[in-house]
Amino acid sequence: MEKVLMKGNEALAEGAIRAGCRAYFGYPITPSSEIAEYMARKYPKIGGVFLQAESELAAINMVYGAASTGARVMTASSGPGISLKQEGISFIAEAELPCVIVNISRGGPGLGGIQPAQSDYFQATRGGGHGDYHTMVLAPASVQDMMDFAMEGFELADKYRIPVMIMAEGTLGQMMEPIILRDPVTPGYEKPWATTGCKGRKPNVITTLHLPPEELEQRNRYLKSKYDLIKAREKRAETFMTEDAKLVLVAFGLMSRVAKRAVMEVRKRGIKAGLIRPITLWPFPDEHIVEAAENGAKLFLSLEINMGQMVEDIKLALNGRSRVEFYGRIGIIPNPEEIVGVVMQIAEREGL
Amino acid sequence: MVLPATPKSWYLPTKPHKFCPGCGHGIVLKALGEAIDELGIQDKTVFGCDIGCSLLSWNFFACDSIQTHHGRTTPVMVGIKRARPELITIGYMGDGGGYSIGSQHLLNAAVRNEKITVILVNNTNYGMTGGQMAPTTLPGQKTETTPYGRDPEITGYPTKGPEFVAALTSDGAYVARGTVSKYKQLKRFIKNALQNQIEGNGFSFVEALSTCPTNWRTNAQQTWSFLEDEMEKYFPVGEFKSPLGKGEK
Ligand SMILES: Cc1ncc(C[n+]2csc(CCOP(=O)(O)OP(=O)(O)O)c2C)c(N)n1
Ligand code: SF4
């Protein structure tokens, strides 16, 4: 199949278009802006709606409106903009409106910088806004993933009526790689709940208000059951040489590619290392972690471009079975040699 | 007993409605209901309400409806309209929602001349949260957060919404201020604002001067006199902009 060279952000935007997304609302912010710019170029030619909103608050609420009509709709931003969107994401999660939200992430807190980071891990995986909810979170590691996960994101969003977040480091949005263009799909989900005018049917009402305590509890129980179903079905991870690994590296996004190279290198030096790459950050692929521990991994090394946010999830998965250590940078993606150095040090200390 | 006729577009199982006795919200929503009926748009309307006492209208109409967040009704209606231009979208909000927390959205929707209709209820205070100052609170008016009366030196002068919306919109916009004390005129304005959207001319905005006896702590007579003597003096009623013919004052 023919490959084309594409930038990560553009591959993601093209993936959304191929998934049938015809509405995009956003506010410019580096390093995500190419997604909006791509839509601004393409949509007028194919009958899509592109609107530069007055803020991220506006953009996410426009997404809320467009999604309520059943349309496939997307917005993208980065750190500070994603923070502003959280209010709306909470409403969208509760109203169960499918949509895709992209975080081409950078380092914080505050304004931080525009260099690559995975600092929004907690915000993405814990819900992010007010209330008891989750979004699904996909972490691409290649430009091909950017296209594929955009398409998959819309399917998951429709299937579970849930906002899906795609979180990729800024570098992934900016870099170019050859990819295979996927065939466009026609969205096939019935949306009888959509507010499209009540001609020939009973009026539909979309609300997030549940004043009576029993109703509110019922609602939260229902959402929990949905999240449990997603946890049971949709945890995804890539595992590499974990069968006999004594030391397992855990890394997502671009960092997982660096970690994989490091694993190959230390294997040559006789170290039984492996890699688990979470693809869904929520739901977190805890069973893959447990399996590696059961196969004999004594130590897990969480590699992140933040100060160790994923460590909690690995520890929760292990529940005391094995130890977890952490190595991370911010604003910089370490090269494989740096990781090899860290792993060799640990291997020596632990006598692996 | 002869019951007052209710608009066909009202959703009867939620009536009688839950606004306080003497509240103007019910009058505005009656005018809106009758306008929807007369224009025959019930089955292609999406009604969106803000948070504030307007929230009590989330299941008010037998129309598709969407409840949004405080101040965010305008962009939600924009999202709906942009995704499905064939729908008639009506955003319903209070003065706090529209002029304070949601002002960036109202301002920019006006500038873009979004083809939606916004109906904003001006009752000079934050009704739902118990009567705090609103952008529209009159100079000297006592509220829970201006216990000594609103001092324009500290908090500025009341927001004049239709005036600023009229100044920001371009051709095709419809902008008016009505009052619940002049029901027929208010209904005409609301109907014009919907007609303007049906014709796809531009942004359509009606502010309705309204009563809040609960937080004003006024009896029937005082309520009416505050509306007619104080509010209508400060906030002139009439059409500010209309592509539908000559403006009505
Ligand atoms: C983000 C946020 N801030 C504050 C509130 C609390 N709140 C609810 S309604 C309201 C003000 C309502 O006043 P207004 O918009 O004038 O409408 P009214 O109740 O007078 O009709 C406020 C501040 C909220 N719900 N959400
Ligand atoms: S508090 Fe005021 S605005 Fe709210 S329902 Fe009562 S009278 Fe109406």
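**Note on a predicted two-chain model with two ligands**

1. The largest nonpolar core has 166 residues, and within this core A:V100 and A:I166 touch the most other members. Helix α3 of chain A, spanning residues 56–68, supplies the largest share of the core, namely 9 residues. Because domain 1 (3–234) and domain 2 (237–350) of chain A both give residues to this core, the core lies between them.

2. Once its neighbours within four places in sequence are left aside, A:I166 is in contact with A:L12, A:V100, A:V102, A:L138, A:P140, A:F149, A:A150 and A:G153.

3. Across the boundary, 27 residues of domain 1 of chain A are in contact with 22 residues of domain 2 of chain A. On the domain 1 side, the elements that give two or more residues are α5 (121–125), β6 (136–138), β7 (163–169), α7 (170–174) and α8 (213–234) of chain A, and α5(A) gives the most, with 4 residues. By class, that side of domain 1 divides into 15 nonpolar, 9 polar and 3 charged residues.

4. Where the two chains meet, 32 residues of chain A are in contact with 29 residues of chain B. The elements of chain A that give two or more residues to this side are β2 (23–26), β3 (49–52), α3, α4 (79–95) and β9 (205–206), and it is α3(A) that gives the most, with 8 residues. The side of chain A that touches chain B is made up of 18 nonpolar, 11 polar and 3 charged residues.

5. The contact between the chains also includes strand pairing, for β9(A) pairs with strand β2 of chain B (residues 64–67) in the parallel sense, over 2 bridges. The bridge partner of A:I206 in β2(B) is B:I66.

6. Turning to the ligands, there are 16 residues around ligand 1, of which B:G52, B:C53, B:G94, B:G96 and B:G127 come nearest. Helix α3 of chain B (residues 95–101) gives the most to this shell, with 3 residues, and the shell as a whole divides into 6 nonpolar, 9 polar and 1 charged.

7. Ligand 2 is surrounded by residues of chain B that include B:F19, B:C20, B:C23, B:H25, B:C53, B:N123, B:G127 and B:C212. Helix α8 of chain B (residues 213–216) gives the most to the shell around ligand 2, with 3 residues. In this shell there are 7 nonpolar and 5 polar residues, but no charged residues.

8. Helix α1 of chain A (residues 8–18) is mostly covered, since 10 of its 11 residues are buried, and A:G8, A:E10, A:L12 and A:I17 are among them. Just after α1(A), A:G20 takes a positive phi of about 90°. In chain B, B:A31 is found in helix α1 (residues 25–39) and counts as buried because 25 other C-beta atoms lie within 10 Å. Not counting residues up to four places away in sequence, B:A31 touches B:Y183, B:L186, B:K187 and B:I190. B:A31 and B:Q185 are 154 residues apart in sequence, yet 9.6 Å apart in space, C-alpha to C-alpha.

9. Most residues other than glycine have a negative phi, and most peptide bonds are trans. A cis peptide bond, with omega about -5°, joins A:G108 and A:P109, and A:P109 lies in the loop between β5 (99–105) and α5 of chain A. The peptide bond from B:K15 to B:P16 is also cis, with omega near 0°, and B:P16 is found in the segment before α1 of chain B.

10. Is A:N319 buried or exposed? Although not a glycine, A:N319 has a positive phi of about 50°, and A:N319 counts as exposed because 11 C-beta neighbours lie inside 10 Å. B:T124, which is not a glycine either, has a positive phi of about 60°, but B:T124 is buried, with 29 other C-beta atoms within 10 Å.

Note on methods
Residues are numbered from 1 along each chain as its sequence is written. Chains are lettered from A and ligands numbered from 1 in the order in which they are written. This is a predicted model: local features need pLDDT of at least 70, side-chain atom pairs count only at pLDDT 80 or more; totals for chains, interfaces and linings use all residues. A nonpolar core is a set of buried Ala, Val, Leu, Ile, Met, Phe, Trp, Tyr and Cys residues joined through C-beta atoms within 7 Å. A residue is buried if 20 or more other C-beta atoms lie within 10 Å of its own, exposed if 12 or fewer, and partly exposed in between; C-beta atoms are placed from the backbone. Domain bounds come from an automatic or database domain assignment. Two residues are in contact if their C-beta atoms, placed from the backbone, lie within 7 Å. Ala, Val, Leu, Ile, Met, Phe, Trp, Tyr, Cys and Pro count as nonpolar, Asp, Glu, Lys and Arg as charged, and the others, Gly among them, as polar. Two strands pair if DSSP finds at least two bridges between them. A residue is near a molecule or strand if its C-beta atom, placed from the backbone, lies within 6 Å of it.
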